[in-house]
Amino acid sequence: MMKISNKYIVEAIVFISYVLFAMAWVGGTASMSQIMESMNVDSLASASFISGSVTLAKIVGTFGAAWLAIKFGIKYAFFIAALLIAIGVFTPYSPNYEILLVSRFLMGLGGAFMIVYFNPIVMHWFDVDERPVINGLNAVAFNVGTAIILWFMADFNSITGDWKVSLLAFSVASFLFAVAWLLVRFDSNEQDATNQANAESNYHYIDGLKDKFNWVYALTYSGLLAFYICLFTFYPKAGISQSKWVIGFGIVGTLAGIIYSKKNPKRVPVIKWSGLAMILTIIGLSFSTSPIIQTASAILLGFFIFFPITALVSIPHELPNMSGQRITIIFSLFYSISYLLSTGVLWLFGKLVDINQGDFTYSLILITVLSSTFFIGSFFLPETAKSKE
């Protein structure tokens, strides 16, 4: 059987796999009213429980991803993640609420695993100079899948004739790419970049939790992540509908960030000034009464949220003596800590709205202040340009 050894084909499989995850995930969310109706479930508590299981999957999945990679190796850990994503095939055809809940949880778990494995895979296949571009592409994969669904889900449904068939097609495509991943050839002497790193660094979870960098890194991102989730969860309910502009211009910002990071080796300045721009545009979006200012703020916000992501994700790749196992644990902790803190912020956001009888003002102030962690954290992140020199 022919093995895949071209690194660009490998990256194409990784990228498309995550785009398909986004399409199946967001497509399922967009079709949730039809799904719940088909099962005669109209409880808001049941719908919110699905959202809660998704959050739990992200926290558990990202934290446990490194363990899975150490246990099975990156190649087979990624394959397991891809298979879990393909379990989304049960979402449109779930015979009852319990199976729907399990299918969404396992699918979210697969996506959480996969986002952590981007980094050891990139480290295994690509040279340091190539990684910013590949990291940037992987960072925009979910947005691409989301944008495809937001703009073309109706077209998919008209082609397939039914929303269930559309969701089925996304999951089947995910399974086919999972099978294609099995054909990827990892060199025998580097069968698993993570296991190879054991002899080099012996870096484990406990080392990661003791590492100051990992906490600074996760806390820097956590405020931004919390805002981003609030943007699509609560802002429409607060009467701020311009959040839809963030997705499209997020793709533009990511592509611009890839080009910028490729030409400019310094990582911290773009994170710092983009963080400041985010605060200003969040204020414009959240508190302006002018639809024009809100729309302009949303456009700029989408750009500046994703413009520095390539630089942010590239920092661990460029730290001295980085290894496959260490980078897997770094990103495992990075995402799990960020999602855990974001979950608490979302609860507090909603609690403040309830306390103030539906007034979002104090909640919007809270999330604006917390989003500043991206700007504040940039003063504590290491500049890797010197390390590369």
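Hi everyone, let's start with confidence: in the protein chain it is lowest in helix H8 (residues 193-201), at a mean of 46, and highest in helix H17 (residues 373-377), at 97. That score is pLDDT, the predictor's confidence in each residue, from 0 to 100. Helices here are DSSP runs of H or I with at least four residues, numbered from the N terminus. Over residues 188-200 the pLDDT is below 50, though this stretch still has 23 contacts in the model beyond near neighbours in sequence. A contact means heavy atoms within 4.5 Å. Where pLDDT is low, the predicted coordinates should not be read in detail. For the protein chain the mean pLDDT is 87, and 91% of residues reach 70 or more.

A quick word on the ground rules. This is a predicted model, where local features need pLDDT of at least 70 and side-chain atom pairs count only at pLDDT 80 or more, while totals for chains, interfaces and linings use all residues. Residues are numbered from 1 along each chain as its sequence is written, and side-chain values use heavy atoms, with hydrogens and water left out.

Now, please find helix H14, residues 309-318. Buried means under 20% relative accessible area, using a 1.4 Å probe and protein chains only. Among those buried residues are Ile309, Pro316 and Glu318.

The axes of H15 (residues 324-355) and H16 (residues 361-370) come within 8 Å and cross at roughly 155 degrees. So H15 is roughly antiparallel to H16, a label for angles over 145 degrees. The axes are lines fitted to C-alpha atoms over the stretch in contact, and angles run from 0 to 180 degrees between N-to-C directions. On the H15 side, the contact includes Val345 and Phe349, and on the H16 side, Tyr362 and Leu370.

Let's zoom in on Asn214, which sits in helix H10 (residues 212-233). At 2% relative accessibility, Asn214 counts as buried. Leaving aside neighbours within four places in sequence, Asn214 is in contact with Tyr203, Gly208, Ile330 and Leu333. A polar atom of the Asn214 side chain lies 2.8 Å from the backbone oxygen of Gly208.

Finally, Glu130 is in the loop between H5 (97-125) and H6 (131-160). Which residues does Glu130 touch, not counting those up to four places away in sequence? They are Lys7, Tyr8 and Lys262.

Note on methods. Buried means under 20% relative accessible area, exposed over 50%, partly exposed in between (1.4 Å probe, protein chains only). Helices (H or I, at least four residues) and strands (E, at least two) are DSSP runs, numbered from the N terminus. Angles under 35 degrees count as roughly parallel, over 145 as roughly antiparallel, 65 to 115 as roughly perpendicular and the rest as oblique. A polar contact is a pair of N or O atoms within 3.5 Å; within protein, one must be able to donate a hydrogen and the other to accept it, and residues adjacent in sequence count only if both atoms are side-chain atoms.
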